[in-house]
Amino acid sequence: QYGFINTCLKSLVVEKFGEETWEKLRIQAEVEDTFMTYEVYDDVITLRLVKEACKMLNVSSEVVLKLFGEYFFSFCKMSGYDRMLRTLGGNLMEFIENLDALHSYLALSYQEMNAPSFRVERREDGKMLLHYYSDRRGLCHIVPGIIEAVAKDFFNSQVSMTILNQSEEEERTGKKEHVVFLVIQKTHLVKRKARPAGGTSTDKTHDKECAQVLLQKMKAKYSALPHCSGRRTHWEILRSIVMFGQGNLVSSFTPFYPSKLWIEEKAFCNAFPFHIVFDGALRVKQSGVNIQKFVPGLQTMDIQLNEYFSIIHPQVTFTIDSIKKFINSQFVLKTRREMMPESSKNQPMLKLRGQMLWMDALGCMVYLCSPKLRSLQELEERGMHIADIAQHDTTRDLILLNQQRLAEIELSNQLERKKEELRILSRTLEVEKKKTETLLYAMLPRHVANQLKEGKKVEAGEFKECTILFSDVVTFTYICAACEPIQIVNMLNSMYSKFDRLTSIHDVYKVETIGDAYMVVGGVPIPADSHAERVANFALGMRIAAREVTNPITGDPIQIRVGIHTGPVLAGVVGEKMPRYCLFGDTVNTASRMESHGVPNHIHLSPTSYRALENKGFEISERGEIEVKGKGRMSTFFLLKNLQASEDEIMGR
């Protein structure tokens, strides 16, 4: 619809008066609740916005709407309708008369389109009367802007338009605004430039050459004239060649009408199988053979046409006067279901599309029409065949071409559906890929996993110094014996989820879990100087987190033992079916011994770990010498707390 007038108005105001003026207008209109109130603007809002624009620009609404009409014409040309508009007619009157046909065509694509209607009358003095009909009130001043721009651009003429009458007419859809414009058209003639006296020899040579060219063109026109048996003087022949605008071939064409029609009634009704002739009282006088087949009531002479048909477009009352007003429009008639035979009532009703022609001498109207069909499916639904349509009727080609277009559209839709399915599968695959990567990164270090994904071999690495931690649950064997399996699973899941979160906070690598045993390492696989501090803070966080995990037997918080040792290790990927990043060396064994020889709820440190954490802000107490299986006597220590970090900081809260 014309709702986009607001968008065009913005472009118009910005072009004529600048962006700042438009911003002022927009702000004022928002205050008045007239702008951007609805997604689709209605005419009341549009006219209110125009009113605000007039107030801001200090001009009348007629001036703004006329400027918009000029802009609208330019907008249509830029939007790809230039060629279509140029071919509507050879002069301004023909152009206006065919606007309704253009709107009917556009309505096939824009079904909500509610276009105005135009009718032209030629007065005896050569001036035109333009009748403008519209359901929209207040927009008639757009018309002069459009028509004047068309006349100037397409027909090199100047047009002045004044309103003679403005009224409202009652039609089937309600009141319609009817505006009558007086159109005065002046053709621009190209004036020849006067040559100054005493021209140069070059000018004279040029004039002589031009004269020769014009003489050759006149000879060509003379030789192209048809032979005429009647005698014509040489002056008549010369005048027909050289007179501007009155040439013998085109401009002076006068049609020849025979004294009688050389076609019999039967041949005419067969040649035009879809036509209806009716008089001023809408009584049917004549109809084509095929329209009689599908509307049998038309075989009865003098029946009322409006009993069997209703007018779909244009929306006018079914009277001869209303039809005359919109005679330039394409008329669409639809059969009334209640008047159809019982066998046809369940089928879709037949629609006819065509032109009304008034025969003044007979006082009758002839409706030359065709079935309004767009596909073979519609043809079948109405029980019709291609053979029912006259061979000269382009509806045949339209149906077949449109059927091909529909097939191409369906094929395109199928391709779009397949593309959408592929996009969905691609997104699903991407989600699954991310899940797989998440699982892989949980099993292996990220850079190691990326190397394996790329098909590269991961070489084993030696780390001269790292810190390893082992932990387990105190009395885990007793808990397993006394509880249901699901209780054990829930307890370990709760504990490990908290521990896993801490690995991200303190940037340590989780090596593996076996039963209740939890193993992490700092400084592997990415070396870091702060590996001992990271593991120590992680251990303190484990001890805090364990308080939040309940023993399923006693209901008290569980107790854990933690052991830490610092030393060199070898690391590499082991296995193919389920590859694991494993650590090897005596450091692993010693860390495990620190855990197994530890004390519940204490963090047991080896001498090397103590030296790595010494003077790093941790509170550490000496345990003394103990006998360590496989290692002999060792002086070990307990990690108590971090003197520089609070409990919330350690837990990452």
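Reader: In which helix does Val-289 lie?

Author: This is a predicted model, in which local features need pLDDT of at least 70, side-chain atom pairs count only at pLDDT 80 or more, and totals for chains, interfaces and linings use all residues. Residues are numbered from 1 along each chain as its sequence is written, and side-chain values use heavy atoms, with hydrogens and water left out. Helices are DSSP runs of H or I with at least four residues, numbered from the N terminus. Val-289 belongs to residues 289-294, which form helix α11.

Reader: Is Val-289 buried, partly exposed or exposed?

Author: Buried means under 20% relative accessible area, exposed over 50%, and partly exposed in between, with a 1.4 Å probe and protein chains only. The relative accessibility of Val-289 is 32%, so the residue counts as partly exposed.

Reader: How are α15 and α16 oriented to each other?

Author: Helix α15 (residues 395-443) and helix α16 (residues 446-453) pack with axes 8 Å apart, at an angle of about 125°. Axes are lines fitted to C-alpha atoms over the stretch in contact, and angles run from 0 to 180 degrees between N-to-C directions. Angles under 35 degrees count as roughly parallel, over 145 as roughly antiparallel, 65 to 115 as roughly perpendicular, and the rest as oblique. The orientation of α15 and α16 is therefore oblique.

Reader: How many disulfides does the structure hold?

Author: A disulfide is a pair of cysteine sulfur atoms within 2.5 Å. Cys-76 is buried at 18% relative accessible area, and Cys-364 is buried at 9% relative accessibility. The number of disulfides in the structure is zero.

Methods. Helix = DSSP H or I, 4+ residues; strand = E, 2+ residues; numbered from the N terminus.
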